[in-house]
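Please keep the sequence and the model in view while reading.

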Amino acid sequence: MDPDCARADGGGGAGTLSTGECPGLVRAAAEARRLAYCPYSEFAVGAALLTTGGRVYCGCNIENASYSVTVCAERVALFAAVSAGERDLEAMAVVADGAGAPRPCGPCLQALAEFAPRLRLYLATADGAVTEEKTLDELLPQPFGLRSGAAR
Ligand SMILES: [Zn+2]
C-alpha cells in the first residue's frame, strides 16, 4: 500500500479506518491525488477504497501517451485491493479538481459493481469538501452481468 494511504487514519495506524470513516477516507484520497500522473489532461484524481475489514487502498489516475491505456484512480485503487486479496468493499472516496462532484466514469462503476454493487461513494473536491454522497447502484442501477440481474 502507498505510504500516504497508510496515514489515512490520521497518522497513527497502518492503513486502517473504522466505520465513521468519511473524513479519513477523503483525506487519503486527497493524498493519493497528489501522486496522479496526468500530463495530458492535467486533471488529477485520487481515490481511497475502504474494505469491510477496515483496510484502505489508494489510487491515482495514471495517463499514457496512448490515451486508451490511461487508468482512472478508482480502478487503480480497486485493483490494488483485489490484487491484495480483498473482495469485501465498503466505501470509496474520490477527490478531484472542480466545483462539482467528480463522479466516477462508467467503466469504473462497472468494475466496482463486480465486487460491491451498493458501495458507498464520497465524492469530494480537491480541498476535501464532500459535495455528494451516493451508493454505486444509484449511479449505475443496471450494471452489465453475465446472468440476468447479475451484480452480486
Ligand atoms: Zn473511471
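Two residues are in contact if their C-beta atoms, placed from the backbone, lie within 7 Å. Leaving aside its neighbours within four places in sequence, alanine 93 is in contact with Leu25, Val26, Ala28, Ala29, Ala47, Ala48, Tyr122 and Ala124. The structure is a predicted model, in which local features need pLDDT of at least 70, side-chain atom pairs count only at pLDDT 80 or more, and totals for chains, interfaces and linings use all residues. Residues are numbered from 1 along each chain as its sequence is written.

**Confidence**
- The predictor's confidence in each residue is its pLDDT, on a scale from 0 to 100. The protein chain averages a pLDDT of 88, and 84% of the residues score at least 70.
- Over residues 6–14 the pLDDT is below 50, and this stretch has 15 contacts in the model beyond near neighbours in sequence. Where pLDDT is low, the predicted coordinates should not be read in detail.

**Strands and their pairing**
- Helices (H or I, at least four residues) and strands (E, at least two) are DSSP runs, numbered from the N terminus. Two strands pair if DSSP finds at least two bridges between them.
- Strand β4 (residues 120–125) pairs with β3 in the parallel sense over six bridges, and Leu121 of β4 is the bridge partner of Met92.
- Strand β5 (residues 130–135) pairs with β4 in the antiparallel sense over five bridges; here Leu121 stands opposite Lys134.
- Four residues lie between β4 and β5 in their hairpin, and Gly128 in the turn has a positive phi of about 90 degrees.

**Buried residues and the core**
- A residue is buried if 20 or more other C-beta atoms lie within 10 Å of its own, exposed if 12 or fewer, and partly exposed in between.
- In helix α3 (residues 73–83), the buried residues include Ala73, Glu74 and Arg75. Their cover includes α2 (22–33), β1 (45–51) and β3 (89–96).
- A nonpolar core is a set of buried Ala, Val, Leu, Ile, Met, Phe, Trp, Tyr and Cys residues joined through C-beta atoms within 7 Å. The largest one has 39 residues, and Ala93 is among those with the most contacts inside it. The largest share of this core, seven residues, comes from β3.

**Glutamate 21**
- Glu21 is found in the loop between α1 (3–6) and α2.
- Why does Glu21 count as buried? Glu21 counts as buried because it has 22 C-beta neighbours inside 10 Å.
- Not counting residues up to four places away in sequence, Glu21 touches Leu50 and Ala91. The C-alpha atoms of Glu21 and Ala91 are separated by 8.7 Å, although these residues are 70 residues apart along the chain.
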